[in-house]
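Subject: Handover of a structure

Dear colleague,

Please find the structure below. A short account of the findings follows it.

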Amino acid sequence: MKGIQVQGAGQAAVVELPQPQVREGYALIRVVAASICGTDVSTFRGTNVNVSSYPIVIGHETAGIVEEVGENNQYGIKKGDHVVLDPYVYCGHCYPCSQGRTNCCETLVCLGVHGEGSMCEYFAHPVHMLRKVPMDMPWERIPLAEPLVISMHGLHTCQLKAGEHIVIIGAGAIGLLAGLGALAYGAIPILSDVVDERLELAKSFGIPYTVNPAKEDAVAKVYEITHGRGAECVMEASGSDAGVRSTLDYAAYTGRIALTGWPKHEITLPTNLITKKELQVRGSRNGAGEFEEAIDLIYTGRVPVEKIISKVVPYEELPHMLQELSEHPGDYLKVVGLFSQEG
Ligand SMILES: [Zn+2]
Ligand SMILES: [Zn+2]
């Protein structure tokens, strides 16, 4: 079978791989659609600190058809089902796992990062980590359930409610999906980014407010939009120093902050502001138990993920697209590769 392998910094290719063996508790999936994540691009660049060795098959945003599965499994998964992979494989025994917080398992294995990825024609995955999707859901939208899970987890971490303002920092795929998710919740998203084109895009999606901290006094503007209160919620999805620092300024007194972006290094913060405003600052990573909601939001059109799909290509073009995304990140949001036609 074919798969997309990164062999070293700047090197990706379609390679021949052995057909996966199906173990007890696993199902074999014939992959139909897989999208490229920022994580895959950083693996391609050689800057993903979580990838310890090359070559590696990348990919964790994957949808396909169940080809082989044990009869009468307790999860009701059958041959022929359309599924998306929940890619955060957890141990089930450690402290966070015992709390149901499997997204931050101490020995988490994310596909294509800590282990071989699923950007290939066939993939064996634990049956309990397959999420069924409706049979008439368009294939290219299904892999986007994974980034949407990350965005929704950020909103859940903030405990965002209808009518509240949320400043979302970083208008990449995660930030834009969070904005669309906030609209679906009846909240008022304010997208912040230093690239005007991204803010224009956000506006065209129906995001009511945008701020560009590189060009205007974004804090003053947020206070104006929120009638002097500040934002009840702030979600950081850029991982930049300035983005992380600004969360404390955008937040209202008693505001809730979710840190989703992964900074590349330590960032200094004035913690006196956290105390003074009694801010709740929480990390937000991956997602747990949130795929069903993400699938439903996509299927019902309440979160129109197709808006952030820049390109759909045959899988043979994925190595080239990695290069493109690496060199021109501003030109694309999501790129989806198709492995086989619907069958
Ligand atoms: Zn992803
Ligand atoms: Zn665990």
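Between which helix and which strand does the loop with Q159 lie? Q159 sits in the loop that runs between helix 3 (145-158) and strand 11; helices (H or I, at least four residues) and strands (E, at least two) are DSSP runs, numbered from the N terminus.

The model is predicted, so local features need pLDDT of at least 70 and side-chain atom pairs count only at pLDDT 80 or more, while totals for chains, interfaces and linings use all residues. Residues are numbered from 1 along each chain as its sequence is written, and chains are lettered from A and ligands numbered from 1 in the order in which they are written.

Backbone features

Most residues other than glycine have a negative phi, and most peptide bonds are trans. Q159 has a positive phi, near 55°. Q159 is partly exposed, because 13 other C-beta atoms lie within 10 Å; a residue is buried with 20 or more such atoms within 10 Å, exposed with 12 or fewer, and partly exposed in between, the C-beta atoms being placed from the backbone. N286, in the loop between strand 16 (280-283) and helix 9 (291-299), also shows a positive phi, of about 50°. N286 counts as buried, with 22 C-beta neighbours inside 10 Å. A cis peptide bond, with omega about 0°, joins Y54 and P55. P55 belongs to the loop between helix 1 (38-45) and strand 4 (56-57).

E164 and its surroundings

The loop between helix 3 and strand 11 also holds E164, which is buried, with 21 C-beta neighbours inside 10 Å. Leaving out residues up to four places away in sequence, E164 is in contact (C-beta atoms, placed from the backbone, within 7 Å) with A187, I188, E232 and C233. E164 and E232 are 68 residues apart in sequence, yet their C-alpha atoms are 6.2 Å apart.

Beyond its neighbours within four places in sequence, L177 contacts P147, L148, S151, V303, V305 and I308.

In helix 7 (residues 241-250), the buried residues are G243, V244, S246, T247, L248 and Y250. Their cover includes helix 6 (218-225), helix 8 (271-277) and strand 14 (231-236).

Yours sincerely

How values were computed:
Contact = placed C-beta atoms within 7 Å.
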